[in-house]
Amino acid sequence: MPEVDVTAARILDVGCGINKYPGAIGIDRNPRSRADVLCDLDRFPYPLRDSSFQALRAVHVIEHVSDVIRAMEEFHRLVSPGGRVLIVTPHYTDFSSFCDPTHRWHLNSFSFRYFGPDHGGFGYYSSARFREVSVHVRLLALWRYVGFEFLVNHFPRFRRFWEYYLCYVIRGKVMEFEFEAIK
Ligand SMILES: C[S@@+](CC[C@H](N)C(=O)[O-])C[C@H]1O[C@@H](n2cnc3c(N)ncnc32)[C@H](O)[C@@H]1O
């Protein structure tokens, strides 16, 4: 299996496309991308060593992979203990979530709870553990201007209420999750 030397770059940009994060090593399956390593995120393991990155970014990628749980487990394997994982993905109520037919998953702000402290009651789905450092939800501009975005992001109970009752009207846009790998 090819392995890349990551001594110079300790940030992995997964599904980097043409917008690879400056200084990062990029992986993608598209040869026209800026990837340093061409690989299919649906084939495991990815051709990189355990714990070889301090940080990993997956920006508008997780909604494309065939197996979210397995991909998250790979992200967990690839970062060092305490390493950070940034996931950016559309909220399922945003226009962009469904207008791209290559999106396999339509997620909400609780979609990664299986990796958290109580594993959403489904701890047996995965043994990879992440601490949720932050979750930020952007709403459509109108709702941001009238203050809903502030409420959603500053009051976790309000975010849950919004997901349950309001989000089909007060629609989300994009979510940013930052996790710390617990090993
Ligand atoms: C929406 S683009 C995002 C690109 C970049 N992260 C950005 O924010 O501009 C999704 C990227 O994921 C890559 N991708 C999707 N599924 C993949 C897979 N199974 N294996 C490898 N790369 C994949 C695509 O080639 C594409 O570059």
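Predicted model: local features only at pLDDT ≥ 70, side-chain atom pairs only at ≥ 80, totals over all residues.
1. Secondary structure. The protein chain contains seven strands and five helices. Read from the N terminus, the order of elements is β-β-β-β-α-β-α-β-α-α-α-β.

2. Overall dimensions. The radius of gyration of the protein chain is 17 Å, close to the 16 Å given by the globule rule for 183 residues, so the chain is as compact as a globular protein of that length. The C-alpha trace spans about 50 × 35 × 25 Å along its principal axes.

3. Burial and contacts. Of the 183 residues in the protein chain, 31% are buried. Where contacts link residues at least 6 apart in sequence, 61% of them join residues at least 24 apart.

4. Ligand surroundings. The ligand is surrounded by 16 residues, and the closest are Gly15, Gly17, Asn19, Arg29 and Leu41. The shell around the ligand comprises seven polar, five nonpolar and four charged residues.

5. Phenylalanine 148. This residue belongs to helix H4, which covers residues 148–154. Is phenylalanine 148 buried, partly exposed or exposed? Phenylalanine 148 counts as partly exposed because 18 C-beta neighbours lie inside 10 Å, whereas a buried residue would need 20 or more.

6. Neighbours of phenylalanine 148. Leaving aside residues up to four places away in sequence, phenylalanine 148 touches Leu139, Trp143 and Ile170. Arginine 159 stands 11 residues from phenylalanine 148 along the chain, and their C-alpha atoms are separated by 9.7 Å.

Notes
Residues numbered from 1 in each chain as written. Helix = DSSP H or I, 4+ residues; strand = E, 2+ residues; numbered from the N terminus. Rg over C-alpha atoms; globule rule 2.2 N^0.38 Å. Buried ≥ 20, exposed ≤ 12 C-beta atoms within 10 Å, placed from the backbone. Contact = placed C-beta atoms within 7 Å. Near = placed C-beta within 6 Å. Nonpolar A, V, L, I, M, F, W, Y, C, P; charged D, E, K, R; others polar.
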